[in-house]
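Have a look at the structure first, then read on.

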Amino acid sequence: MMEPNKKVDLPIEIKKKKSAIQRMKKHVHSAWNSVEESSRKAWKGAAAGAFFMLILFTAFFGIGLETGLGPVIDFLIVFIPGLFAALLSPYILYPFIVLVKKMNNRFLAVVLSSAILLIVLLTQVRAAYQILPLSYGVIGAGILAGGAIGYWWKSKRTKFSSLLALMLGLVCYTGFALWLWSPGMERYPAAAVETEPKSFNVEDPSKKGRYDFRTFTYGSGTDKRRPHFADEADYETDPVNASFITGGWNKYRTWFWGFDRTELPLNGTVWMPEGPGKFPLVLMVHGNHVMEDFSDEGYAYLGELLASRGYIAVSLDENFLNTSSWSGSLNNEISTRAWLMLKHLNQFEKFNEAEGSELFNRVDMKNIALLGHSRGGQAAAVAAEFNELDRYPNNGMVSFRFDYKIKSVISIAPTDYFTLGDKPVQLKDVNYLLLHGSYDSDVSEYSGDRQYDGLTFSKDGDWFKSSLYIHGANHGQFNTSWGDNDTSIPMNLFINKKPLLEGEEQRQIAKTYISGFLDATLKGKEEYKPMFQDYSHALDWLPETIYINRYRDARFQVINDFENDYDLTTGYSEGVTFKASRLKYWSEGVLKSRENDDRGNHGVYLKWDDSYSDPGKYQMEFSEEYFKKAAITEDDVFTFSAASMGSMKEASDFTIRLITENGETSEISLGKSLKLAPALHIQQSKTLFYQKARYGDSHEPVLQTFRIPFEKFDLPIEKVSTIEFVFDKTPKGHIYLDEIGVLDGNQ
């Protein structure tokens, strides 16, 4: 029995204090419930509001439309279809929304987060609009393959349907991996251009010369990463202060290199011929690349060749100006690259005057060439311009005192985005060579063409400019360190490398043209000039592919360059009238890049077909004694440039006809010299959607210069009244014509 008045001890409930995470979860859950409750109450009104806004702006568009049919008709043309679409579209979308709502929430969360994070990753190297379809495609491939394997894992694994799903998943993953690592495809095989090599009785300029040479380095001694520019350098140089021109230098760069922008080093590798005499100086500079992966070593093949042929060749180290994954890019780096090239010329002037130096009195400072690749190609042009200026155009408080004898500039696949005083860089009175590959996946537009067009000559000079567009060449293989990787991983996995020339082939082209150009411009070997006027003179030394080249010199007389006005019948020269007959299209306009950018060059578009009984013609009618007044003789050369437009899949031909005042005629088929190359369509990416977003159109017009000596027409040139382009060889065509004029045949 229970004793009276005795208390019974009851169990005491002890409440545990909730953790911070539990309390946070409770608050989040409560807030989410509030949102759900509010949405249940407000969804009809919110939907009506969205619908109202759509109808309101549809009405606005209807009111703003002006067709000339009256305001009521204008309004109904927009409002009725808009209202119909607004009412119908929710019913079209509803089944998809129901399907999404039935999907596993974790699946949706993982897929959405994966897609978002992949987009964020890829936007670090490309603009969002370029990589969105690519991101969706990659995630979609993962969903398909992973879903098939997941189905097998969760099903009876020995069933036929499960094994089929497993096989599908493995095939998808394997196929995707093979596709990523494959070189790509030859989507646009170009029609061959049958071009016979022209006789050219000169030495192959790509062959090793008669000079032995030695290699040495110079440097400021502060480079932590490159011993051969530090304590192992053969010659020590003084650093230079670039703080007035370079911005964006941060502590990581200083930590990595061991110097900052106030003490940029003058580092270089020299290939110098053995033996007495002064030798022309060639400075070579790389472009932008990952700064931790050194680029200056990639031009040894050029340095060795040039030194053997009697040049002092120098590869400049400007890796510390390049992009870094850790510290980003610098400001004004093109200016800095260019300015540093000129500071290296300062240094060679000192070497040449220092009696203790093995370069003492060995450098021909009156014969200098600058060579640059990519951003270095633009920097070489900017350096040549800085050399002529007293002050830095982007900061007039900085004075320049250079004034070196820079005779030649070579640009390999140059960029063209940098301006001076918000104006494009325009060279004057310097020899210029441009090399560019059709499969350049870095500088994918032919932007060096603008640099070429901007170069002008004084009439009393002996300068020339030439360009060579190389089908199948990429950006990186001109540099052995860069190779066939025109961009970095992962974007490099999507590049189409199947159509590329081999690296050795591409560098053979560079050696041939660079060496021949330097011989012609620095050593006065005029015999090499024809290869720059017409690439077929060099074909015996070049790999088999399609080449397109332009040429112009200081003695070029313009008949029409289409830059003066928009009147189709007038040109640059007075006394010339232009006509056309039986053409489908005749219009003057600007030349466009593959990304539809203005290339700053105007010409005339001509289109023809065989719908007429007689062929179409484009004519130039000359006033009486035009040729006599212009001092044009039978020894001179008629010249023009033309480019095939996108529809021209085959090499084309047409007739050039001269007519005298009394009706005598003489004509020549263009194909007797060179045919006009077909439009070169390019697939730089292995994916069509990334190709269009990143690279633009598959085709970009490229001008080819044609030269026809007047003596071949066998007519008294002073009596000529008309020159005709007669489109009688190719049934239909579409071309761009420019740079019509006359070259001095006595050169």
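## What counts as a pocket

On a 1 Å grid over the protein atoms alone, a pocket is an open set of points with protein on both sides within 12 Å along at least five of seven lines, and its lining residues have an atom within 4 Å of a point. This is a predicted model, where local features need pLDDT of at least 70, side-chain atom pairs count only at pLDDT 80 or more, and totals for chains, interfaces and linings use all residues. Residues are numbered from 1 along each chain as its sequence is written, and side-chain values use heavy atoms, with hydrogens and water left out.

## The largest pocket

So who sits around the centre? The largest pocket is lined by 37 residues, and Arg-126, Asn-288, Arg-375, Asp-442 and Thr-487 lie nearest its centre. Its volume (the space filled by probe spheres set on the grid points) is about 1200 Å³.

Sorted by class, this lining has 10 nonpolar, 17 polar and 10 charged residues. Here Ala, Val, Leu, Ile, Met, Phe, Trp, Tyr, Cys and Pro count as nonpolar, Asp, Glu, Lys and Arg as charged, and the others, Gly among them, as polar.

## The second largest pocket

The second largest pocket holds about 730 Å³ of space. It has 32 lining residues, with Asp-453, Leu-455, Thr-456, Arg-552 and Asp-561 closest to its centre. Split by class, they come to 12 nonpolar, eight polar and 12 charged.

Helix 10 (448–454) gives the largest share of this lining, four residues. Among the other elements that supply at least two residues each are strand 14 (547–553) and strand 25 (733–743). Helices (H or I, at least four residues) and strands (E, at least two) are DSSP runs, numbered from the N terminus.

## Helix 3 against helix 4

The axes of helix 3 (residues 105–122) and helix 4 (residues 128–154) come within 9 Å and cross at roughly 140°. Axes are lines fitted to C-alpha atoms, for helices over the stretch in contact, and angles run from 0 to 180 degrees between N-to-C directions. The two helices are therefore oblique to each other; angles under 35 degrees count as roughly parallel, over 145 as roughly antiparallel, 65 to 115 as roughly perpendicular and the rest as oblique.

Residues in contact (heavy atoms within 4.5 Å) include Phe-107 and Val-111 of helix 3 and Ile-131 and Leu-132 of helix 4. This contact has 13 nonpolar, two polar and no charged residues.

## Helix 7 against helix 11

Helix 7 (residues 300–308) and helix 11 (residues 503–522) pack at about 40°, with axes 11 Å apart. That makes helix 7 oblique to helix 11.

How values were computed. On a 1 Å grid over the protein atoms alone, a cavity is a set of points where a 1.4 Å probe fits but cannot get out, and a pocket is an open set with protein on both sides within 12 Å along at least five of seven lines; lining residues have an atom within 4 Å of a point.
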